Amino acid sequence: MQRMPNINLTPEEYQIMTTYCHYGTGGEGIICRSQRPDTLYKIFVDYETITPTGLPDNKYKKILELYERRLKGSVHPLSTVSLNDELIGYEMTFDEDDMTLDKIFLFRGSLIKALQDTSEILKYFASEDITYGDVKANNILINRRTHEAKFCDMDNVRMGDYPIDLLSDHVDSFITTEADINATVDAYMHNLMTLQYLNDPTASYDKILSNIKEGKYKRAYKKEARPTLASMPIPEQFTGEYLAPYVKKLRL
């Protein structure tokens with residue numbers, strides 16, 4: 001097994017980085033610019049004090065495996081990051097031209113392609129025994145030059161026996177136990193995102209599910225997708241299929 005490199009920050013470097021190089025905020029930590037133009041650091045912190053909380057063991061094991069496997073369609077971890085010899089986060093790949101799906105403007109044809117591409121990435125993850133779980137637009141990166149899609153926040157995935165760390169509300173309502181975290185969760189969440197982005201941009205997921213019960217959206221998808229669409233309001237009946245491959249090109 002290839003040994004993962006480590007970057008050991010000094011207290012002064014950590015202070016400068018978290019004060020002046022702040023790039024974004026995640027559910028469990030902050031994203032900071034590194035000293036390189038093509039990488040970022042994810043640091044797990046207490047938000048009130050910006051004090052490092054340490055890299056959780058479950059995440060550390062997943063990061064090591066992700067470093068080895070270099071999955072397609074995803075951001076890649078490159079090295080762990082430590083402070084005073086304690087692991088506090090990791091370094092990951094970064095492209096200045098990447099924007100999250102909720103921030104980039106795409107014409108309808110490009111948006112359909114992005115949704116179809118990301119559904120294929122999620123199917124690929126499933127073939128690698130990975131469930132992404134928190135499928136949503138701000139976890140999807142679209143490159144402005146190439147329109148290539150990929151997923152970020154990979155440390156939160158279910159990978160083999162390593163569980164998801166944080167569940168979104170809709171994932172939590174879709175499953176009964178953690179054993180239910182599987183590929184159907186990703187298809188379900190991706191379908192809700194597809195319906196919202198293509199068919200009902202102002203509707204909440206709860207409203208979209210209610211609209212499905214009332215028979216909306218059927219004309220926007222090829223007939224092959226209708227059983228999947230109809231199955232979505234009752235999680236136990238969900239077929240596990242993706243809607244994105246069956247989108248009609250014209251808005252209906």
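How do the residues of the lining of the second largest cavity divide into nonpolar, polar and charged? I noted 3 nonpolar, 2 polar and 2 charged. Ala, Val, Leu, Ile, Met, Phe, Trp, Tyr, Cys and Pro count as nonpolar, Asp, Glu, Lys and Arg as charged, and the others, Gly among them, as polar.

This is a predicted model, where local features need pLDDT of at least 70, side-chain atom pairs count only at pLDDT 80 or more, and totals for chains, interfaces and linings use all residues. Residues are numbered from 1 along each chain as its sequence is written, and side-chain values use heavy atoms, with hydrogens and water left out.

I looked up the cavities next (on a 1 Å grid over the protein atoms alone, sets of points where a 1.4 Å probe fits but cannot get out; lining residues have an atom within 4 Å of a point). The second largest cavity has about 30 Å³, a volume being the space filled by probe spheres set on the points, joined across faces, edges and corners. Its lining includes Leu106, Lys113 and His147. Helix 3 (residues 108-127) gives the most to that lining, with 4 residues; helices are DSSP runs of H or I, at least four residues, and strands are E runs of at least two, numbered from the N terminus.

I then turned to the pockets (open sets with protein on both sides within 12 Å along at least five of seven lines). The largest pocket holds about 790 Å³. I counted 31 lining residues, with Ile31, Thr100, Asn138, Asn139 and Cys152 nearest its centre.
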